[in-house]
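This report covers helix packing and aromatic pairs. Please have the sequence and the structure at hand while reading.

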Amino acid sequence: GNTTFLKLWTHYLRSLDIKSLCLNAWENDFADDPLLPLISTFDKWIATENEDSKARVAWKKAKKFVPGILKSSAVAAAKAASFGILDIDKELEKLAGDVVGSAVGDIVDSFDVKQKSLGQFKSQLSVALEALPDDQSNLVVFIDELDRCRPTYAIEMLERVKHLFDLDRIIFILAMNRDQLGKSIQGVYGASFDGAQYLKRFIDIDYQLRTPSIKEYISARMDEPEISDYFKARKEGRYDLEHIIELMAYLALRFEYTPRDINQLIGRLKLIFRSIPPAHYLDESIIVPLLVLRQECPQLYTKYSKDALCANSVIEFLSGAKIGEGALEHRIAVMFGYLVAAAKDPYSNRSMEEVLAPWIKWSKILSENAGAGQMKSELQRAVNVVIELANGDREFRMRRGLNELAFKRIELAGEINFS
């Protein structure tokens, strides 16, 4: 996703000896004012310069004007902190006091203090940029994960960048899901507010990353050593891995998963893999759909966990179509067959007729449409797979307690937050 792209870009610039700075906005949205993490990012870069260099002297002067620009709550926090971002001496404390109105009775005077502080800060920052190599025209600053921040914090970050750092020698690269951030901003200002139009105020050039093939992305992630080594140790590991990729791709497309969503799903799967020895059944046709179901519809997941006879409701939710409508591929049919078969207890007389009725009806309709003497279609064969698995006519791994064990593993993985 965006983060990976920025990391690769940063490494590329580094290979060319081009200075760049990186700030993960989401990791710092606890700050009262986004200016603080911005200043901290610049501070770490300038700190590598000689103590008496022109750039470092200018940066020290620039920081002296920061209290006059910070939000009053951030000024108080900065005074109480000892992390060394700001130099607040007596003169600056007086300036900060002016900003919050303790020494200035007129609000216009307070505004003048902020404006003068802003001008002086930008002037000294321009001088500090001389720390750039002689053959580098601009400093590139990457800001990632804006769309994951609190909407108010993201707005303030954009405003800070626009008003404080709009200098000729600084280029900001903002990595974000613009649609998502636009909707978040709309939530702050109201339904009639155009969040997308608001963002255009800050963006001069817009570049949209190509949406990766979901299946290719899942395949690449599942090819990581930790996962591939696990499946190499399994007797039918190659088939299991291919099956999981197919199921994940199907469900990811159905629920419009982003790479981040897929990463979280894979993270939970990895925890489950660790709980299953290579010689034991994996039951991916149960594990994968139930992991997704728990995420997308907790109520239906809980209902199914108590009584798997509602399997058809689960299947219709996961497929987004009524049974008897749409297409059905073999490996997806195996998944649906497992979900239905899990309701069958070989040691009881509980009837499966009601669950199987729509599948049998679908198979008959397909058979009648095909006509006598004609070969079964791929769709009819897939439908029959569901019926055969549920009836136990094929030597699949129908075991008592299969669902119970799957739920325990899913609940364990589901308790972990991968955000």
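Are F255 and Y257 buried or exposed?

## Burial of F255 and Y257

The model is predicted. In it, both F255 and Y257 are buried. Their rings form an aromatic pair of the tilted kind, with 6.4 Å centre to centre and 40° between the planes.

## Packing of α11 and α13

Two packed helices are described by the angle between their axes and the distance between the axes. For helix α11 (residues 225-232) and helix α13 (residues 259-274), the angle is about 40° and the axes are 11 Å apart. The crossing of α11 past α13 is left-handed.

On the α11 side, the residues in contact are E226, I227, Y230 and F231; on the α13 side they are I266, K270, F273 and R274. Sorted by class, this contact holds 5 nonpolar and 3 charged residues, and no polar ones.

## Aromatic pairs

Across the whole structure, a search finds 19 aromatic pairs. One of them joins Y230 and F273, which are stacked at 5.3 Å centre to centre with 10° between the planes. This pair links distant parts of the chain, as Y230 lies in helix α11 and F273 in helix α13, 43 residues apart.

Y230 has a relative accessible area of 13% and is therefore buried, the limit being under 20%. F273 is also buried, at 6% relative accessibility.

Elsewhere, F42, W59, F121, F165 and F172 make up one aromatic cluster.

Conventions
Residues numbered from 1 in each chain as written. Predicted model: local features only at pLDDT ≥ 70, side-chain atom pairs only at ≥ 80, totals over all residues. Heavy atoms only, no water. Axes fitted to C-alpha atoms, helices over the stretch in contact; angles between N-to-C directions. Helix = DSSP H or I, 4+ residues; strand = E, 2+ residues; numbered from the N terminus. Left-handed = near helix turned anticlockwise from the far one by under 90°. Contact = heavy atoms within 4.5 Å. Nonpolar A, V, L, I, M, F, W, Y, C, P; charged D, E, K, R; others polar. Phe/Tyr/Trp six-rings, centres within 6.5 Å; stacked < 30°, edge-to-face > 60°. Buried < 20%, exposed > 50% of the residue type's maximum accessible area, 1.4 Å probe, protein only.
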